[in-house]
Amino acid sequence: MPTVLPNEVRRLAEMEKHAIQAAIAHAKGNLSQAARSLGISRSTLYVKLSAMRDRADSQHKPR
């Protein structure tokens, strides 16, 4: 069952997702460069990408 988040938290998560996607696009897929431009470590970026995938997967699973 997906976690229901308050609207403010959902909006923040969406803003973070868009920032990460934009940084990766700007870096032409170079995750190290994207992480540097976001001011986070590469490992933190990997953790955030994994969490984004997990959320996306949980939203597409049949209930």
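**Exercise 1. Is leucine 38 buried, partly exposed or exposed?**

Solution. This is a predicted model, in which local features need pLDDT of at least 70, side-chain atom pairs count only at pLDDT 80 or more, and totals for chains, interfaces and linings use all residues. Residues are numbered from 1 along each chain as its sequence is written, and side-chain values use heavy atoms, with hydrogens and water left out.

Step 1. Locate the residue: leucine 38 belongs to helix 2. Helices (H or I, at least four residues) and strands (E, at least two) are DSSP runs, numbered from the N terminus.

Step 2. Recall the classes: buried means under 20% relative accessible area, exposed means over 50%, and partly exposed lies in between (1.4 Å probe, protein chains only).

Step 3. Apply them: leucine 38 has 29% relative accessibility and therefore counts as partly exposed.

Step 4. List its partners, where contact means heavy atoms within 4.5 Å. With neighbours within four places in sequence left aside, leucine 38 touches Ala19, Ile20, Ala23 and Leu45. Leucine 38 and isoleucine 24 are 14 residues apart in sequence, and their C-alpha atoms are 9.7 Å apart in space.

**Exercise 2. Describe the overall make-up of the protein.**

Solution. Step 1. Count the elements: there are three helices and zero strands. Along the sequence they give the pattern α-α-α.

Step 1. Consider burial: 14% of the 63 residues are buried.

**Exercise 3. How do the axes of helix 1 and helix 2 cross, and which residues make the contact?**

Solution. Step 1. Take the geometry: the axes of helix 1 and helix 2 (residues 31–38) come within 8 Å and cross at roughly 130 degrees. Axes are lines fitted to C-alpha atoms, for helices over the stretch in contact, and angles run from 0 to 180 degrees between N-to-C directions.

Step 1. Classify the angle: helix 1 is therefore oblique to helix 2. Angles under 35 degrees count as roughly parallel, over 145 as roughly antiparallel, 65 to 115 as roughly perpendicular and the rest as oblique.

Step 2. Assign the hand: the crossing of helix 1 and helix 2 is right-handed. A crossing is left-handed if the near helix is turned anticlockwise from the far one by less than a right angle, and right-handed if clockwise.

Step 3. Name the residues: Ala19, Ile20, Ala23 and Ile24 of helix 1 meet Leu31, Ala34, Ser37 and Leu38 of helix 2. The contact of helix 1 with helix 2 comprises seven nonpolar, one polar and no charged residues. Here Ala, Val, Leu, Ile, Met, Phe, Trp, Tyr, Cys and Pro count as nonpolar, Asp, Glu, Lys and Arg as charged, and the others, Gly among them, as polar.

**Exercise 4. Characterise two loop residues, lysine 28 and isoleucine 40**.

Solution. Step 1. Lysine 28 lies in the loop between helix 1 and helix 2. Its relative accessibility is 77%, so lysine 28 counts as exposed. Phi of lysine 28 is near 55 degrees, a positive value in a residue other than glycine.

Step 1. Isoleucine 40 lies in the loop between helix 2 and helix 3. Isoleucine 40 is partly exposed, with a relative accessible area of 25%. Apart from neighbours within four places in sequence, isoleucine 40 is in contact with Ala35, Leu45 and Lys48.
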